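Student: Could we go through this structure together, a piece at a time? I'd like to start with a turn and then move on to helices and rings.

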Amino acid sequence: MTSRVVLGLGGCVDYEIRLTSRGLERLVREHGVRVADLEHQGYPEHQDQGTPVVASITDERDLLVSVLRYLRRGGGGEHFVASPAALESFAARFPRCVALGGTSVRAGFTLDRLGLASTLHLVTMNEHFRRLLPASTDYVCSSPHDSLYPHLIVQYEAGLRVRAGDIDLVAPFPNRLIYVNDVANEELLLSDELGALLADARLFLISGFNAVREADLLDARLGTMHRDMERLPTGAFVYYEDAAFHEPVFRARVREAVLGRVDVYGLNEDEMQAYLGRAVDLQSAPEVGAALGELHRLIPAPVLVVHTKYWSAALGSQAPQYVGALEAGMLMASVRYLHGDTFTDEQMSAVAALPRRERSASFANELEALAALSGAVLRCRAAWALETGVPTTVGLGDTFVGGFLSAVLRERANVWTS
């Protein structure tokens, strides 16, 4: 394997579905779901205050209630589902397509689309991976046997309305939800080949620890990764992408384990608000400035990157080095939002030429000015003004990571080859 870009640590097969009013209304009537069920605090969802509530989704009715609660506020999230049968039955209610997922895998797809090769560290292999992985992408897999634990990826558009019984709600924003029962990613077994790969790596992406659900197992995997990372060459770039933890108490455990070993620590707006335990007005510069300052104190990485639907920002002494990476990440996520996987170079250029969201542009300028007054080093870039009736909402954060890494690779190519 010749790739010097290693993307880990897990990967999965996704059953992607797009919700419809008719399908949801049929389920609401069938399961007798009422407005009162949507107020029940036992169902897992990031609450309006940003505090994660964890409970078990044990059947299709639980899953439906979780989806409806997210939909009515336009939220996104990821959760463990105790019943694989619930995933299968819900997926069968809507048209679906099969795709590959996971932060590392989708980042690898993005790099491939930009002409950059990588090697994936996988924990599961099956016919879908062999059929769908790009030709430029090598892989190692820690499992000696094929396995399939599909993730249910639920997409919905803004304006989707559900009217059944006493329920009448409309999604204010488009978003995506992820529901998982995946033994391979829960165990996150690391390949004996990982250390050798890292010994020749220029870039290493860390993701996937959010799926682990046992403390001792998590500590063992982190220890193995640390030993393998000791073989990284001097000057290698390491990026960690946070995610929605199936066991939220493990988030701090992983954070402390990767700090001091990463160059950039990335997360999206949902994860930022989960850390802070409250909702943040993403278009208020004073509120976001305070939130980012608090977040950086919690996560004192050299550079903290937060990517949202309105803007992306880098905070830290080295933040100015990553302006191009912010732009590249946002561009690739925006193209995916508009065109899915099948976009052309012309469409990518057209997105880059679009105007920025007017409110986001003024927000970015104000946020940078406020940061400068406080002595913080921050760079913020506004999102483009994107309009489509059928957006792709799954994999946008993963695609942002792939675009971000593509810029890092190209900007550091001369340093690494000298």
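Tutor: Strands E10 and E11 form a hairpin with two residues between them, and Gly 165 in the turn has a positive phi of about 60 degrees. Strands here are DSSP runs (E, at least two residues) and helices are too (H or I, at least four residues), numbered from the N terminus. This is a predicted model, in which local features need pLDDT of at least 70 and side-chain atom pairs count only at pLDDT 80 or more, while totals for chains, interfaces and linings use all residues. Residues are numbered from 1 along each chain as its sequence is written, and side-chain values use heavy atoms, with hydrogens and water left out.

Student: How many bridges join E10 to E11, and do they run parallel or antiparallel?

Tutor: Four bridges join strand E10 (residues 161–164) to E11, and the two run antiparallel; strands pair if DSSP finds at least two bridges between them. Ala 164 stands opposite Ile 167 in E11.

Student: Which residues of E11 are on the covered face?

Tutor: In E11 (residues 167–170), Ile 167 and Leu 169 make up the covered face, whereas Asp 168 and Val 170 are on the uncovered one. In a regular strand the side chains alternate between the two faces of the sheet.

Student: Okay, switching to helices: which residues of H10 are buried?

Tutor: In helix H10 (residues 251–258), the buried residues are Arg 251, Val 254, Arg 255, Ala 257 and Val 258, where buried means under 20% relative accessible area, exposed over 50% and partly exposed in between (1.4 Å probe, protein chains only). They cover an arc of only 165 degrees around the axis, which puts them on the same side of H10; the arc is that of the directions from the helix axis to the C-beta atoms.

Student: And what do they pack against?

Tutor: The buried residues of H10 pack against helix H9 (215–229), E14, strand E15 (264–268), helix H11 (269–276) and helix H12 (285–298), with contact meaning heavy atoms within 4.5 Å.

Student: Now the rings: how many aromatic pairs are there?

Tutor: A search of the whole structure finds seven aromatic pairs. Rings of Phe, Tyr and Trp (its six-membered ring) pair if their centres lie within 6.5 Å, and planes under 30 degrees apart count as stacked, over 60 as edge-to-face and the rest as tilted. One of the pairs is Tyr 239 with Phe 404, edge-to-face, at 5.4 Å centre to centre and 65 degrees between the planes.

Student: Where do those two lie?

Tutor: Tyr 239 lies in strand E14 (residues 237–241) and Phe 404 in helix H16 (residues 396–411), so the pair ties together parts that are 165 residues apart in sequence.
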